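Could you walk me through the pockets of this protein, one selection at a time? I have the structure open in my viewer and would like to know what to click on next.

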Amino acid sequence: MSEMNEKMTKNNSQEEQYSLNDDRRVKVLSPGAMVAKRFFRNRLAVTGLIILVFMFLFSFVGGMISPYREDQVFYRTDYQKKEYAGVIESQELRFASAEAEIPFDGVIQAQAMLAIQKKNETFSYKDVEYTLVQDGEDLYSVYSGGTLIGIAFKNVISSAVEGERIPFALQYELLKAYADGKRNFTAAGESYQLDEEGLVTRNGEEVAYISHYIIQAVMPDVFLTREFKELATEAIENGQESFLYTEADGVEYEYAISYDAAKQAWSVLQEKETRVFDTYSAPSREHLLGTDKNGMDMLTRIMYGGRVSLIIGFIVVFIQTIIGVTLGGIAGYFGKWVDNLIMRIVDIFYCIPNMPIIIILGAVMDGMRVDPQIRMLFLMLLLGFLGWASTARLVRGQILSLREQEFMVATEATGVRTINRIFKHLIPNVIPQLIVTCTMGLGSTIITESTLSFLGLGVKFPFASWGNIINDVNDTFVLTTYWFIWIPAGVCLLLTVLAFNILGDGLRDAFDPRMKR
């Protein structure tokens with residue numbers, strides 16, 4: 001009997017231990033915990049979450065620990081050949097005015113040129129007679145009423161002293177002496193000596209020289225000495241490709257000569273040690289992903305570019321959500337004419353051509369030279385304002401199905417205010433769908449921003465975004481040669497957008513398992 005009592009007691013204790021009402025047997029999960037449990041069972045969604053966490057750490061934390069700034073420029077020392085001077089052989093007549101009372105302007109010079117070509121000794125213009133006198137080969141004097149008003153000549157006269165201008169009287173007497181083969185001549189009461197090379201001296205000092213070539217420096221503040229011009233002329237006449245010249249600083253430089261047949265001119269190139277932007281340098285220990293076309297560290301630019309792209313994406317989606325939830329909630333709850341009015345506004349926003357408007361505003365901001373930071377703010381506001389219609393339609397559809405349920409009847413019976421019914425009871429029930437929509441919308445927003453930046457209509461230099469970093473691929477040479485410029489930014493953009501889409505799918509399946517296929 002005692003044994004039976006013990007068995008019955010034991011069975012009763014077991015039944016009591018495994019009762020369905022015992023909290024130790026049945027563990028009830030909260031709705032949030034159930035969503036989290038279903039989400040973390042989805043390995044693909046967890047992978048997307050891990051990628052996003054890495055991208056956030058890479059963009060925001062990486063930018064802070066990077067040793068370089070976003071707009072820091074790096075330089076290197078390079079030997080470059082730059083155009084230093086241009087050379088043209090003088091083959092046409094040039095004119096010089098005597099600055100007399102009778103003008104010798106461009107129209108009269110053109111008439112004189114026609115007379116020279118026709119070999120006429122006189123010509124007239126506006127009832128004024130002019131006389132042509134040939135003083136030598138390719139040297140003509142123009143007179144009016146017996147007064148010398150100008151000359152036409154082919155040889156080039158240059159001053160041997162920097163900053164000094166050759167007077168007309170000296171030019172005329174020099175050209176006549178050179179044409180006649182004289183070695184001494186007088187101009188304005190001064191005696192000058194002329195050697196066989198065309199050098200003019202006065203009291204042993206160099207004054208001017210004659211040449212068949214026009215040699216001018218590229219930079220207006222550079223004065224080319226006679227020795228430099230003579231060396232360049234000698235190299236051109238001898239068919240040399242380069243010559244050496246010692247500058248005033250005592251350094252001997254090599255100058256290369258190249259001929260442009262189309263322009264019938266020579267270019268004198270100077271090779272100097274120059275400090276230039278360290279553009280398109282290959283990956284190294286200092287720059288793990290090399291440098292871009294502006295000499296900036298690519299890894300740092302990609303970090304800051306991810307920060308800009310993610311911030312723009314979140315702010316745009318936030319603006320879209322605020323506007324969409326507000327208008328969609330009002331339309332779904334009140335219905336009737338309010339719903340009809342708001343839905344027509346939604347239809348209008350669906351019909352607005354977003355891309356042409358953004359392109360036009362981008363061109364306007366380019367013309368107005370809007371500050372890049374303000375331009376970025378305008379971009380976020382514009383994308384947010386143009387993209388809220390789909391969110392409003394989603395919220396309105398959900399609220400239409402929720403407002404007739406029992407809990408909403410209870411809120412109306414208990415006297416809850418209308419605004420509290422919408423934002424405390426209806427909107428929270430739409431949040432799961434909103435989270436999914438916003439998560440998937442982030443990816444498309446980042447793609448839109450990157451596309452605009454790639455086209456030059458979005459984020460502008462010096463700010464970086466993944467879109468304007470990839471903009472370098474519009475050059476075929478960069479696309480095929482400098483892979484480190486665009487592939488890392490493209491991979492970051494691809495992984496981020498893909499991760500947002502995977503995360504959105506995972507959240508949708510976690511919130512509503514029935515939608516899982």
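Before the first stop, a word on labels: strands here are DSSP runs of E with at least two residues, and they are numbered from the N terminus. Keep in mind too that this is a predicted model.

**Stop one: the largest pocket**

Start by selecting I157, S158, S159, Q216 and K229. Of the 25 residues lining the largest pocket, these are the closest to its centre. The space you are looking at has a volume of about 550 Å³.

Next, colour two strands, β7 (156-159) and β12 (213-217), as each supplies at least two residues of this pocket's lining. Which of the elements gives the most to the lining of the largest pocket? It is β12, with five residues.

**Stop two: the second largest pocket**

Move on to Q320, L383, G387, S444 and T445, which lie nearest the centre of the second largest pocket, among its 24 lining residues. About 430 Å³ of space lies here.

This time, show the helices. Two or more lining residues come from each of α7 (298-334), α8 (336-351), α9 (354-368), α10 (372-386), α11 (389-402) and α13 (418-454).

Key. Residues are numbered from 1 along each chain as its sequence is written. This is a predicted model: local features need pLDDT of at least 70, side-chain atom pairs count only at pLDDT 80 or more; totals for chains, interfaces and linings use all residues. Side-chain values use heavy atoms; hydrogens and water are left out. On a 1 Å grid over the protein atoms alone, a cavity is a set of points where a 1.4 Å probe fits but cannot get out, and a pocket is an open set with protein on both sides within 12 Å along at least five of seven lines; lining residues have an atom within 4 Å of a point. Grid points are joined across faces, edges and corners, and a volume is the space filled by probe spheres set on the points. Helices (H or I, at least four residues) and strands (E, at least two) are DSSP runs, numbered from the N terminus.
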